[in-house]
Amino acid sequence: MAAARIERGDLWKNKARSLQLQLRNRFRVAVDRRLRRHPIFVHGYFSSTLQRYLQRFQDFRRDSLPSSSAFYIKRVSKNFSAEEDSVILRMLQAVAVPVIGNVCHVFMHGLNRIQVYGIEKFHDALLNRPKDKPLITVSNHVASVDDPFVIAALLPPHVLLDAQNLRWTLCASDRCFKNPVTSAFFRSVKVLPVSRGDGIYQKGMDIAISKLNQGGWVHIFPEGSRSRDGGRTMRSSKRGVGRLIVDADNVPLVLPFVHSGMQEIMPVGANLPRIGKTVTVLIGDPIHFDDLLDAEVAKSESTGKLYDAVASRIGRQLHELKVQVDQLALQQQLELQNHHGRSAERAAGILQQVDWESFGMESFTSDDYEASSIEETKAKPNTSYQQQDEVVTPDRYFRVGFSYDGVIGSRMRSFVDPSELMGFAARGLFMNRKAQNISSTTYREVGPLQAWKQFLEANVLRQLKYC
């Protein structure tokens with residue numbers, strides 16, 4: 001009897017334990033489903049932010065490992081971005097890229113002045129390279145409009161019409177892809193999004209490598225961001241450009257160039273580009289990496305060190321070009337100043353060669369006249385007030401506009417073309433030798449309107465009477 005009771009008690013305990021486990025499991029499932037259905041944990045800001053920080057923490061741990069397992073060669077297929085290249089996007093690129101490219105070309109060559117050294121290297125690399133040979137162009141980053149303006153200025157207009165063979169470039173997602181409108185615009189001009197802090201193995205870098213594997217052209221700024229001091233110095237190249245070269249199926253042709261003057265066209269904080277500026281571009285020789293990418297050397301070196309070696313070589317080449325382009329820009333500025341000085345001297349020489357006395361005007365361009373005028377001004381500073389009773393004829397009035405006190409004459413030398421002034425004087429509007437019968441008046445009594453009236457009466461009206 002006692003044994004039966006014990007067995008029944010154990011049976012009820014087992015049933016209670018089983019029921020307890022079932023309820024606990026069911027409660028856990030219910031709570032888990034409820035948390036998953038909550039908008040904060042599904043599509044909310046908290047969930048996305050938490051996931052992003054966890055991913056960054058994992059990338060940080062992976063990149064900070066001392067072993068070579070932190071970096072690896074990641075191959076990307078040619079059709080990696082085939083899903084994103086829709087027909088509508090290609091149609092938009094075929095229209096937007098040529099239009100914006102030609103507008104930037106006209107802006108740089110028409111409203112500004114651009115001087116390019118080594119343009120044949122750029123055209124040869126772009127137009128004459130093998131069909132499946134990818135191209136990477138690298139340059140310094142000074143202004144936010146470096147990529148469209150400088151690239152468009154280096155290309156002829158007929159090349160800008162071929163949107164398919166023009167460059168792809170990278171831009172930070174928090175700058176160019178903030179909303180659907182800007183995202184659609186930058187995608188239509190062949191810009192790929194990359195996220196700051198997501199490492200070199202993110203999707204944007206993979207898409208860029210897939211474009212290179214198709215034989216395309218990718219332009220990248222190895223510094224990673226714009227210069228902080230207006231382009232006076234350059235920072236070191238980042239590891240991402242090394243991955244583009246090492247992980248590509250075919251070793252790309254890398255062409256560097258450096259520009260100076262874009263900081264004046266689009267200064268930091270400006271909303272619109274400026275005109276009337278000078279930009280100097282220096283294109284260097286292609287950079288070769290055969291010694292670094294050799295099979296035996298690549299196996300012996302870790303992937304991270306290989307990325308760093310490639311990026312370091314690109315950075316050294318860009319720094320050397322930076323020194324040269326600064327010297328060229330300074331030399332152009334000095335030549336431009338000397339040209340303006342020679343133009344002023346040439347204009348002064350033309351004015352001095354004109355025989356002004358044959359037109360009834362005093363030679364106000366001679367040094368002796370200017371010296372005498374200055375001495376008279378110093379000796380008689382109040383001539384216009386002390387000699388109020390001087391007798392002045394209309395001849396004197398019209399001549400005083402160019403030689404009186406040597407002041408207005410100097411302005412005429414600066415702003416009046418000599419040939420126009422000679423023709424104007426030849427028509428008899430400055431001097432009139434026939435106006436000798438006009439009664440003498442003082443300088444104070446003859447005003448501008450009265451002088452013109454006397455001149456017309458003595459010349460035009462008299463001729464009309466005889467006609």
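Is phenylalanine 177 buried or partly exposed, and what is its relative accessibility? At 12% relative accessibility, phenylalanine 177 counts as buried, because the cut-off for burial is under 20% relative accessible area.

The structure discussed here is a predicted model. Its chain comprises 467 residues, of which 37% are buried, and contains 21 helices and nine strands. Among contacts with a separation of 6 or more, 76% involve residues 24 or more positions apart. The chain exposes about 29,200 Å², and carbon and sulfur atoms supply 56% of that area.

**Aromatic pairs**

Seven aromatic pairs are present in the structure. The rings of tyrosine 72 and tyrosine 201 form a stacked pair, because their planes meet at 5° and planes under 30 degrees apart count as stacked. Tyrosine 72 belongs to the loop between helix H3 (45–63) and helix H4 (87–110), while tyrosine 201 belongs to the loop between strand E4 (191–194) and helix H10 (203–213); the pair therefore ties together parts that are 129 residues apart in sequence. Tyrosine 72 is partly exposed, with a relative accessible area of 34%, whereas tyrosine 201 is buried, with a value of 9%.

Phenylalanine 177 pairs with phenylalanine 186 in a tilted arrangement. Phenylalanine 186 counts as partly exposed, at 23% relative accessibility.

| Pair | Centre to centre | Angle between planes |
|---|---|---|
| Tyrosine 72 and tyrosine 201 | 4.4 Å | 5° |
| Phenylalanine 177 and phenylalanine 186 | 6.2 Å | 50° |

**Other ring arrangements**

Phe122, Trp217 and Phe257 make up one aromatic cluster. Over the ring of tryptophan 168 sits the charged end of lysine 211, 4.2 Å from the ring centre.

Definitions and conventions
Residues numbered from 1 in each chain as written. Predicted model: local features only at pLDDT ≥ 70, side-chain atom pairs only at ≥ 80, totals over all residues. Heavy atoms only, no water. Helix = DSSP H or I, 4+ residues; strand = E, 2+ residues; numbered from the N terminus. Buried < 20%, exposed > 50% of the residue type's maximum accessible area, 1.4 Å probe, protein only. Contact = heavy atoms within 4.5 Å. Areas by Shrake-Rupley, 256 points an atom, 1.4 Å probe, with all protein chains shown as cover. Phe/Tyr/Trp six-rings, centres within 6.5 Å; stacked < 30°, edge-to-face > 60°. Lys NZ or Arg CZ within 6 Å of the ring centre and 35° of its normal.
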